[in-house]
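Reader: I have a model open and want to talk it through. Can we start with the terms and then go around the fold?

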Amino acid sequence: MKNEMEIIFDAVSDNEGFARMAVAAFVARLNPTMEELADIKTAVSEAVTNSIIHGYENLYGYGKNIAAAAQGAIHQGKVKIHCILEKEILHIEVIDSGKGIENVEQAMEPLYTTKPELERSGMGFAFMEAFMDDLEVESILGQGTTVRMVKKMGVDGWIDNG
């Protein structure tokens with residue numbers, strides 16, 4: 001059976017927790033393990049956070065050294081999450097229409113960050129890759145970014161024991 005859902009929300013940090021929980025609730029019918037849920041929630045959190053702070057540069061709520069003036073610098077933007085559940089395979093797309101990523105390969109390198117002043121670790125894509133079974137990132141400058149992730153539920157990933 002195939003099941004699908006889509007949510008669209010404002011690109012503000014307050015909505016990151018909502019996104020995590022919405023996707024977790026969507027897969028709940030599969031009775032996922034705590035580890036599977038944690039993996040999914042972490043990956044969704046990282047993808048949504050990247051959209052908000054890098055795609056739209058909405059900095060309020062991230063980092064300790066944000067000046068009060070940054071609170072007024074919230075740029076309009078939406079983040080869309082599209083999920084498809086086919087049998088035990090979860091497909092997640094996190095989509096923004098932000099500024100895009102100049103060099104996707106470089107952005108996916110562990111410890112690379114364009115926002116060190118926000119105390120960003122540069123591990124977002126590395127966490128997504130580690131916690132999901134597949135990760136693909138497409139980005140067009142000035143048009144936005146789509147992060148596609150796949151998680152196979154109820155098994156130990158894509159490892160072939162044969």
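Author: One term before the rest: a residue counts as exposed when its relative accessible area is over 50%, and as buried when that value is under 20%. Keep in mind that this is a predicted model.

Reader: Fine. Is lysine 87 buried or exposed, then?

Author: Lysine 87 is exposed, because its relative accessibility is 61% and the cut-off for exposed is over 50%. Lysine 87 sits in the loop between strand E2 (78–86) and strand E3 (89–96). Its phi is positive, about 55°, although lysine 87 is not a glycine.

Reader: Back up a bit. How many helices and strands are there in the protein chain?

Author: The protein chain has 4 helices and 5 strands. Read from the N terminus, the order is β-α-α-β-β-α-α-β-β.

Reader: And what percentage of the residues is buried?

Author: Of the 162 residues in the protein chain, 44% count as buried. As for contacts with a separation of 6 or more, 64% of them come from residues 24 or more positions apart.

Reader: Which residues touch the most other members of the largest nonpolar core?

Author: Val23, Val48, Ile81, Leu90, Ile92 and Met149 do, in a core of 35 residues. Helix H2 (residues 34–55) gives the most to this core, with 7 residues.

Reader: Take isoleucine 81. What is it in contact with, leaving aside neighbours within four places in sequence?

Author: Isoleucine 81 is in contact with Met5, Glu6, Ile7, Phe9, Ala19, Val23, Val44, Val48, Ile92, Glu93 and Val94. Val23, Val48 and Ile92 are also among the core residues that touch the most other members.

Reader: Next, strand E1 (residues 2–10). Is glutamate 4 buried, exposed or partly exposed?

Author: Glutamate 4, which lies in E1, is partly exposed, with a relative accessible area of 43%. Beyond its neighbours within four places in sequence, glutamate 4 is in contact with Phe26, His82, Cys83 and Ile84.

Reader: Which residue of E5 stands opposite histidine 91?

Author: Valine 150 does. Valine 150 is also the bridge partner of aspartate 134.

Reader: What's in the turn between E4 and E5?

Author: The two strands form a hairpin with 3 residues between them, and glycine 142 in the turn has a positive phi of about 80°.

Reader: How many residues of E5 are buried?

Author: In E5, 7 of the 9 residues are buried, so the strand is largely enclosed by the rest of the structure.

Reader: At what angle do H2 and H4 pack?

Author: The angle is about 150°, and the axes are 9 Å apart. That makes H2 roughly antiparallel to H4. Asp39, Thr42, Ala43, Glu46, Ala47 and Asn50 of H2 make the contact with Gly124, Phe125, Phe127, Met128 and Phe131 of H4. The crossing is left-handed.

Reader: Last one, phenylalanine 125. What is its relative accessible area?

Author: Phenylalanine 125 has a relative accessible area of 8%, so it is buried. Leaving aside neighbours within four places in sequence, phenylalanine 125 is in contact with Asn50, Ile101, Ala107, Met108, Leu135, Val137 and Val147. The C-alpha atoms of phenylalanine 125 and leucine 135 are separated by 8.6 Å, and the two residues are 10 apart along the chain.

Definitions and conventions:
Residues numbered from 1 in each chain as written. Predicted model: local features only at pLDDT ≥ 70, side-chain atom pairs only at ≥ 80, totals over all residues. Heavy atoms only, no water. Core = buried A, V, L, I, M, F, W, Y, C linked by side-chain atoms within 4.5 Å. Buried < 20%, exposed > 50% of the residue type's maximum accessible area, 1.4 Å probe, protein only. Contact = heavy atoms within 4.5 Å. Pairing = 2+ DSSP bridges. Axes fitted to C-alpha atoms, helices over the stretch in contact; angles between N-to-C directions. Parallel < 35°, antiparallel > 145°, perpendicular 65-115°, else oblique. Left-handed = near helix turned anticlockwise from the far one by under 90°.
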